[in-house]
Amino acid sequence: KQHLRHSSSSSNTKSRMSKVLFVAVRHEMKTVFLEPSDTDTVAKSMDVLRDLFDFKDTEFGLCTQGSRVLDPNKTFSDEKITQKNDVQPALLQVVLKNEDGTWNIPNEPTKLLTDEEDGDEDGGDDDDDEDIAE
């Protein structure tokens, strides 16, 4: 599990205060936790993920639990991305483009794995987990 704090003040001139979101992004067997502002564009978080997942030449998007691919030019607020509560992150999944230009949308919604589900019976840190310092 990776955790990266990524937030910034937006040049957006809306009068309301921006809210920091807690977002979990799944790709294959990795989860990256981000903390973007709700006024940040989806593209800003995708830039961070591009580096973390080494997607230099890969066209990818972020998909909601309802299998809707987010518009990278919109903000998280515009895309209605919210958390269920202060503890549970909003869950998104990386989707890749197929050769025909369509999105490879998962058949089932993504979920965060518990220690038992990912085979970590002792509840400790997995060997393949990475922590990213700020």
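Tutor: Let's begin with pLDDT, the predictor's confidence in each residue, given from 0 to 100. Because this is a predicted model, local features need a pLDDT of at least 70 and side-chain atom pairs count only at 80 or more, whereas totals for chains, interfaces and linings use all residues. Residues are numbered from 1 along each chain as its sequence is written, and side-chain values use heavy atoms, with hydrogens and water left out.

Over the protein chain the mean pLDDT is 77, and 69% of the residues reach 70 or more.

To place it, note that the chain has one helix and five strands. Read from the N terminus, their order is β-β-β-α-β-β.

H1 covers residues 42–52, and its buried residues are Val-42, Ser-45, Met-46, Val-48 and Leu-49. Buried means under 20% relative accessible area, exposed means over 50%, and partly exposed lies in between (1.4 Å probe, protein chains only). Look down the helix axis and you will find these buried residues within an arc of 160°, so they line one face of H1. The arc is taken over the directions from the helix axis to the C-beta atoms. In the chain as a whole, 36% of the 134 residues are buried.

What does that face belong to? The largest nonpolar core has 19 residues, and Val-25, Leu-49, Leu-62, Leu-92 and Val-94 have the most contacts inside it. At least two core residues come from each of strand E2 (23–27), strand E3 (30–34), H1, strand E4 (60–63) and strand E5 (90–96). H1 gives the largest share, four residues. By definition, such a core is a set of buried Ala, Val, Leu, Ile, Met, Phe, Trp, Tyr and Cys residues joined through side-chain atoms within 4.5 Å.

Leaving aside neighbours within four places in sequence, Val-25 is in contact (heavy atoms within 4.5 Å) with Lys-30, Thr-31, Val-32, Leu-34, Leu-49, Leu-62, Leu-92 and Val-94. Across the protein chain, residues 24 or more positions apart account for 62% of the contacts with a separation of 6 or more.

Now step off the end of the helix. Just after H1, Asp-54 takes a positive phi of about 55°, although this residue is not a glycine. Asp-54 sits in the loop between H1 and E4, and its 51% relative accessibility makes it exposed. Lys-80 also has a positive phi without being a glycine, here about 60°. Lys-80 is in the loop between E4 and E5 and counts as exposed at 66%.

Phe-53, Phe-55 and Phe-60 form one aromatic cluster. Within it, Phe-55 and Phe-60 make a tilted pair, with 4.8 Å from centre to centre and 45° between the planes, and both residues are buried. Rings of Phe, Tyr and Trp (its six-membered ring) pair if their centres lie within 6.5 Å; planes under 30 degrees apart count as stacked, over 60 as edge-to-face and the rest as tilted. The structure holds three aromatic pairs. One of them joins Phe-22 and Phe-33, whose ring centres are 5.5 Å apart with planes at 20°, so this pair is stacked. Phe-22 lies in the loop between E1 and E2, and Phe-33 lies in E3, eleven residues away.

One caution before you explore further. Over residues 7–15 the pLDDT stays under 50, and the model has nine contacts beyond four places in sequence for them. Residues 114–134 are also below 50, with 23 contacts beyond near neighbours in sequence. Where pLDDT is low, the predicted coordinates should not be read in detail.
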